[in-house]
Amino acid sequence: MTDLPLSQPGAARTDKAGSLLAQDARIKSRNAAEKRFRTYGATAIGIAVLALVVLLVTIIGNGAGAFRQSYLTLPVTLDAELIDPEGNRDPTEMSQILTLSYGRVLDQAVQDAISAQNIQIEGLVEDDIRGLISREASSQVRNRVLEDPELVGQTVEFNVLAGGRIDGYFKNRVTMESAERDGNTSPAQLMLADALKERGMLVTRFNWNFLTNPDASDQRPEAAGVGVAILGSLYMMLVVLVLAVPIGVAASIYLEEFAPKNRLTDIIEVNISNLAAVPSIVFGILGLAAFINFAGLPQSAPIVGGLVLTLMTLPTIIISTRAALKAVPPSIRDAALGVGASKMQSVFHHVLPLAMPGILTGTIIGLAQALGETAPLLLIGMVAFVTEYPDPLPQGLFDPASALPVQVYNWTQRSDPAFFERASGAIIILLIFLLCMNLLAIYLRRKFERRW
Amino acid sequence: MSLSWALLVSLGLACAGYLIGRRRAFAVAGPDVRRLHSRPTYHGFSVALTSFIAGLAVMFIATILRMTGTLDVYAGPIWGWIVLAAAILGLVWGATRIDSGYKARNAVERMVMGVLMLCSMIAILTTAAIVLSLIFETGHFFQLYDWKDFFFGTEWTPRFQGESELGILPLLWGTLYISFIALLVSVPIGLFAAIYMSEYASPKVRSFAKPLIELLAGIPTIVYGLFALMTVGPLLRDYFAQPMGLGNSGSSVLTAGLVMGIMLIPFVSSLSDDIINAVPQSLRDGALGLGSTPSETVRQVVLPAALPGVVGAVLLAASRAIGETMIVVLGAGAAAQMSVNPFEAMTTITVKIVSQLTGDSDFNSPEALVAFALGLTLFVITLALNIVALYIVRKYREQYE
């Protein structure tokens, strides 16, 4: 190809295209399109990150209150006439006295405290004083007295839960305006709470009980905790760990290392990839039909939840384990076989240890997924209202229990807004567990990652 | 002795079996261990495995008998002892087999192989159990309720006293509407995020933004549900629905759809990321070499080449959206209706499965059994979407390999 001589008449380029340094209209619009496109991409990422931030901030903002709780410190005179009418301090007789009598003792104690502190508030009625302390408080006092009957007749300092509305007032959930419309509280009661706070009798402090208490009934959100739910989740994770990990790893070893290429293994593989995409609620239906109706296992027991979650996480574990096994180069297997190891020895002595970090990472991620799963557990009856701790293992696997995510769902179905705060608090605990598991997985991956 | 304790004890027996087997092997070998066919540890393992497998097999049989009802459900104690006896018998038998010519390693490998094979069968077993239990109970349902009314009925009004109208169409409409909104949110955002990540972002931005987006994928759906219920729902109601006079319900199709869209962003973006990265670099280089800008390369070369894969990713996301439960349970409401107003509460198949099975209705009533028919419908829809999507994605991958 020869260059055209520049002196040709057609060489009037300057008229049409202009300088290379100045952009013409077409280039300008192309560059603008380029810039727009780039902005769309950046905006998309921005929206995703923003959504994440808003999600976390609102949940943490809503739930932080669950970790703080208002307590009232009171000198309580344990009136012997009310709680031990026989007067012989016999624990068996005293255990027949219901919490109702202790409630009266407490009401009296609050009355006394108010008059002792010389607090005068207009429009304060008896109901307001009674509502100041939680309904949980009377059973709190009762348990303490039954433990130590010698306390009867004495005046003892008690640290009791304040009522849910009072607690909400100090967390800005309840205001003077809302109190006027609320049948369960009144502005006078809130003023009384303010006065008690000034005198240091009412304090809002860190709430360990939220982590250890079982669920509480509709009327006393201030006493509800996630203790049973954490234990139930723990039991279920144990079942998943004991069943899903060995079975998943064994299945992947067979499929990756030993399985002959035939129809059956093809079917198994297609099956596993489809199982991974089956909606989780379908596993719940399976659990209900197979484990509860057919096998007769008890409802809302951690063993059933664990079995359902095992079936659900198996595909995840199998897929990640197979990827980890596949990443071990064939030269390792060849070398082992070359020095006389059997196929089984080459796999268990050489390939498996090298694939272990990958398997562990996949397993932890599978467990994290199982921990946060809710839908299947709803169907096998884990929504039940459980206030008893399950027994220790292994019998406890068959006792009714709750689970963290299900407890959250349960609380969102209650009418008192104080339970929403509890639900967000439980979510924070769940997210902390998940964060720890994921960090562990990332740490393991970083520490043992090997490039061949 | 209950079965769970029997299992623990037989685990202990297996450990004891290992030690016994090893010691016996040493004893049989005399001064020279090389006289043994297999190393002493294999003899130990063979005894442990025979003992444990014997116990487990008896336990399995007991469980099967329990399930089929031949055995009293709480006849645990006797069976625990039988399991234990089987484990001890296995131990003794395994121990007597040990002598210098015994091929312990081959025996152990055969047993391990069998166990591995059995484990891989569990996937098939699960699928079979799902399909069987769904079909079985759906069959029950259709004996009590006409299938034509179920599939073509436009009314969903379950009643306790019977005479319920159980048409799936309003639920299907709600499911599809919410999934559509979710895809409308997640596909553009996810796709653009993936394009930006793979074509524009500097390594620094990528190492920061990618884990953040993946974090969204690790958040449990109940958290999204609570977010929809407590934040997004009231927000949409107070600032959009009420001022525009479109309704005053906190839970709505739009609430659930938006939040589900956020949940699906990482799913769509990581799938499309894989697909975009699978487009050969030579195609990009060719387009850039001809003078096109990066965005023109993406739009006119990379995306058309990746289109089948992207379609597959969208189908997978759709199947996720259709099967999602907690977000719709907390965000979409429970009113079964067919309306086009996105600010109205509607309901989905998954919501109704939960509400029909967690209620107090009798398990053998059509009101409870309908959940299995709904579950089967859901299973078939998601399975079909998945099979089509996986087929497309696989076909597309082969194209560039």
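Domain bounds here come from an automatic or database domain assignment. With that in mind, chain B is divided into domain 1 (3-141) and domain 2 (157-399). What you are looking at is a predicted model, in which local features need pLDDT of at least 70 and side-chain atom pairs count only at pLDDT 80 or more, while totals for chains, interfaces and linings use all residues. Residues are numbered from 1 along each chain as its sequence is written, and chains are lettered from A and ligands numbered from 1 in the order in which they are written.

Let us stay with chain B for a moment. The C-alpha centres of its domain 1 and domain 2 lie 45 Å apart. Contact between these two domains involves seven residues of domain 1 of chain B and eight residues of domain 2 of chain B (two residues are in contact if their C-beta atoms, placed from the backbone, lie within 7 Å). On the domain 1 side, those residues divide into four nonpolar, two polar and one charged. For these classes, Ala, Val, Leu, Ile, Met, Phe, Trp, Tyr, Cys and Pro count as nonpolar, Asp, Glu, Lys and Arg as charged, and the others, Gly among them, as polar.

Chain B has 14 helices and two strands; helices (H or I, at least four residues) and strands (E, at least two) are DSSP runs, numbered from the N terminus. The C-alpha trace of chain B spans about 90 × 75 × 35 Å along its principal axes.

Now bring in the partner. Chain A is divided into domain 1 (70-207) and domain 2 (227-448), and the C-alpha centres of these two domains of chain A lie 46 Å apart. Where the chains touch, 68 residues of chain B are in contact with 72 residues of chain A. Helix α4 (residues 104-144) of chain B gives the largest share of chain B's side, 18 residues. By class, that side of chain B has 47 nonpolar, 18 polar and three charged residues.

Finally, visit a pair of helices in chain A. Two packed helices are described by the angle between their axes and the distance between the axes. Helix α19 (residues 404-412) of chain A and helix α20 (residues 418-448) of chain A pack at an angle of about 165 degrees, with their axes 8 Å apart. Axes are lines fitted to C-alpha atoms, for helices over the stretch in contact, and angles run from 0 to 180 degrees between N-to-C directions. Among the residues that meet are Trp411(A) in α19(A) and Phe419(A) in α20(A). The contact of α19(A) with α20(A) has 11 nonpolar, two polar and one charged residues.
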